[in-house]
Number of protein chains: 2
Amino acid sequence: MNLKALAQHLGISASTVSRVLAGRGDEFRIAKATQKRILEEASAMSARPDELARSLRLQSSRTLGLLIPDISNPFFASLARAVERRARAQGYTVLLADSQESTEVEAECIRMLLDRRIDGLILAPVGGESAHLEVLTTSKLPLTQVDRVFASLQAASVVSDNFSGARDAVRHLVKLGHRRIACLQGKEDSSVIAERVRGYRAGLTEAGIRFRGDLLAGGEHSQAIARDHTQRLLGAQPRPTAILALSNLLALGALEAVREAQLTIPADLSLIAFDEQPWASLLSPPLTTIAQPVEDMGTAAVDSLLAQIKLTTRKPKTAPIVLPVRLIQRGSVAVWKKD
Amino acid sequence: MNLKALAQHLGISASTVSRVLAGRGDEFRIAKATQKRILEEASAMSARPDELARSLRLQSSRTLGLLIPDISNPFFASLARAVERRARAQGYTVLLADSQESTEVEAECIRMLLDRRIDGLILAPVGGESAHLEVLTTSKLPLTQVDRVFASLQAASVVSDNFSGARDAVRHLVKLGHRRIACLQGKEDSSVIAERVRGYRAGLTEAGIRFRGDLLAGGEHSQAIARDHTQRLLGAQPRPTAILALSNLLALGALEAVREAQLTIPADLSLIAFDEQPWASLLSPPLTTIAQPVEDMGTAAVDSLLAQIKLTTRKPKTAPIVLPVRLIQRGSVAVWKKD
DNA sequence: ATCCTTTGCACAATCGTTTGCGCAAACCTG
DNA sequence: CAGGTTTGCGCAAACGATTGTGCAAAGGAT
């Protein structure tokens, strides 16, 4: 039952009912008795205003869009959970869209979301192209990028400290005696991967180790391709003594290849992977990981977006919010004594 | 830019523009020239009708609600992905809500979704209480339950063949010589768990093995509790020779306990777990699993819902759609020769 | 030239809210 | 009792679309 029906039922005008239901009865000097009657009948008939009509009138839908490349990726699933929870706590609902790692689908989803008049968008963009995202800047829609970002969009952003994470991982390996440290990357055009590779190289440089292009493998965010490239890495002579996998999916590929090559972790090879997972500690040996603060990222993204919505004056350039990562040491990394 | 603005810009009435944009120009005898002018200017200014206003007028939002207990559970994440994809292919968007395994949050989410005038709801209900779901039956909202179901709701439902999955797993173990087969369950009030336990018992009965209450452990859908209960199972004399874990989360708990007890799979204990996961094949030994057709479930749920929406006559009782599961044999199960 | 039909489009009501404004009735004040 | 103020609420116009109806202008028939 909606407000209109309730008003008719009570023989009171919709305006009055609306004001009372909005909790502004006193402000508009509605008699206490009338207020009471409305409120009681409203809860008795469980009458609530139609959100659609409200949105149309108020030009605000209390809905946030969440556009991510792949909800079945546990990282994005956790992110979505945090976003949804925070949004609901603030009275917002979340329109979910999955771009399936495709720029075209992404563009289509954005159009759909704009048609629904979302109040703001949390976007983890896909790929290296941002031309199709220009509508977002021209539409003045509050926007927060998360995880992956395009600097060219000049929008707010929330990322984890990918640079430090990779650098710290390399530091950790170096401290244990590793010198031939390979890096298994995903799509190079992603800002996430770029930052991690930068951290990887910084870690090497710090330690006085020359960066070697042949130790930087991968290039697609795919388990199968990660496996193939790891196989190549493992076939080299001399073999790298450690691998830094830049995502959980890539780590799975690496693990496949290691198993097929009949090598033992960490005796033959140390492995560190980005993204903490529930199963990481149950592998044999348990996997050393770099944990991202996924929950915090989701929460921060919602907060950043709501701040923009409230201000309605979107700042031209917002410094990215960078959240710290954490190295979780487990058994997949060991001291390297030979050579 | 919306339809109204476009109409003013062109000096044409909104009605005409609406009809042309709806592709019904000929039907209403709008001159070809006018149609062309409208269409060209519409795409030039990238003008599209406001979905909110359309929804209000048409009393249909082309939006489906998806309410699940935990999007960070990979099973539900994959389900969400399939649902979102199928829905978008049919021109619908998905409002995501996460009930966080709480009946109260679930009720709150349902209210929110109803306020937004979703056209239908895909629901994986939580817990053993369904009283708060009655609004759904009285509101005549098209509804499809998925994974977990309440028969009392008398709504359409899509589930995997949980009974056969568990029974086949037991059959498999029995064939290899196992007799003391334990079962690690989750919340008993969930229809999913109930069906799987039924399958477990059926498998035992078939083989002439008496069901023993002390071999049915667990009771909460939690990794920590699963670990504790598995510890108890493993402490018993004689020990069970195999464990059937009724979900991926429970399997993780079981693996923890096995590791702490310093037992070896499959020499000391065989393990089968529900839910196929990317990491299952990378454990040592690789985990034998019962794979659910998650993608198909999502697709079927959307199709079932859209069918109801199109008919507008919701059938009083719909037989559940039961999709087959698949036993994936890997290394965590071995022949049992002793005793 | 008149009447009838077709063509081509606009008018206005509607969906369910919110909100500026106005208007009675009741209540003071002098 | 006239005039002013307060109290309590309704009217009507938006928001932006869809759709039944109506109405001119153009074309054809007689």
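Two strands are said to pair if DSSP finds at least two bridges between them. Strands (E, at least two residues) and helices (H or I, at least four) are DSSP runs, numbered from the N terminus. In this predicted model, local features need pLDDT of at least 70 and side-chain atom pairs count only at pLDDT 80 or more, while totals for chains, interfaces and linings use all residues. Residues are numbered from 1 along each chain as its sequence is written, with chains lettered from A and ligands numbered from 1 in the order in which they are written.

**The sheet**
- Strand S2 (residues 93-98) of chain A pairs with strand S2 (residues 93-98) of chain B over three bridges, in the antiparallel sense.
- Within this pairing, A:Leu95 has B:Leu95 as its bridge partner.
- Twelve strands make up an open sheet with mixed pairing, in the order S11(A)-S5(A)-S4(A)-S3(A)-S1(A)-S2(A)-S2(B)-S1(B)-S3(B)-S4(B)-S5(B)-S11(B).
- Its edge strands are S11 (321-323) of chain A and S11 (321-323) of chain B, each of which pairs on one side only.
- In general, strands of a sheet pair through backbone hydrogen bonds, either parallel or antiparallel.

**The surface near DNA strand D**
- DNA strand D is surrounded by 26 residues, a residue being near if its C-beta atom, placed from the backbone, lies within 6 Å of the strand.
- The closest are A:Ser13, B:Asn2, B:Lys4, B:Ser15 and B:Ser18.
- Helix H4 of chain B gives the largest share of this surface, five residues.
- Among the other helices that each supply at least two residues are H2 (14-21) of chain A and H1 (3-10) of chain B.
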